[in-house]
Amino acid sequence: MNVVWSEDASATDRALVAEQLGRPLRGTWRVARRCHLGVPMVVETHPRLEDGTPFPTLFWLTCPLLVKRASHLEAEGFMSVLTQRLTTDSAFAARQQSAVDRYVSRRNELAPTEGAQPGGGTDRVKCLHAHLAHELADAPNPVGATTLSKTGWPDCRLPCVEHL
């Protein structure tokens, strides 16, 4: 049985996220986590667009500071470090598999997406942004938590976007 998507983003949140991303986010979504200044930092997207096309990820990182910091880690090769850890640290790998299973279950409650893997990767880390978004919206995600420990919490003193 599919869970009915009962919440949608407000017009204000849509404008804020569009400003953060530099474009409107497609599909139906809701704010999953806000920063200490009340601005969306992660959104949860419906698994399917209006035409039925699967959306690439359930949780989308919108915080510009964390996006930038995660991008720097990716450029430095941190995804390979975490992928290697998944192969050598069985406890870490088991915790990550539990996070992936929880992610897939949550996504499939909203709309089954047979065979679709989480956007951040399962057996290898493909996107730190997706894992970090998952950690912030629906912890725990060990890859996301490790990424957050490297990026640090956003220390903004002013909102990244203006409240409309």
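1. The face of helix H2 turned away from its buried side carries Lys68 and Ala75, both exposed (over 50% relative accessible area, against under 20% for buried, with a 1.4 Å probe and protein chains only). The model is predicted: local features need pLDDT of at least 70, side-chain atom pairs count only at pLDDT 80 or more, and totals for chains, interfaces and linings use all residues. Residues are numbered from 1 along each chain as its sequence is written, and side-chain values use heavy atoms, without hydrogens and water.

2. Leu66, Ala70 and Leu73 of H2 are buried. They lie on the same side of H2, because they cover an arc of only 55° around the axis (taken from the directions from the helix axis to the C-beta atoms). An α-helix has 3.6 residues a turn, so residues three or four places apart point the same way.

3. The buried residues of H2 pack against S2, S3, helix H3 (78-88), helix H5 (128-138) and helix H6 (142-151), contact being heavy atoms within 4.5 Å. Helices (H or I, at least four residues) and strands (E, at least two) are DSSP runs, numbered from the N terminus.

4. H2 is followed by Gly77, which has a positive phi near 90°.

5. Three strands, in the order S1-S2-S3, form an open sheet with antiparallel pairing (at least two DSSP bridges between two strands). Strands S1 (29-34) and S3 (59-61) each have a single partner strand, so one side of each is left without a neighbour in the sheet.

6. Strand S2 (residues 40-45) is joined to S3 by three bridges. Glu44 has Phe59 as its bridge partner in S3.
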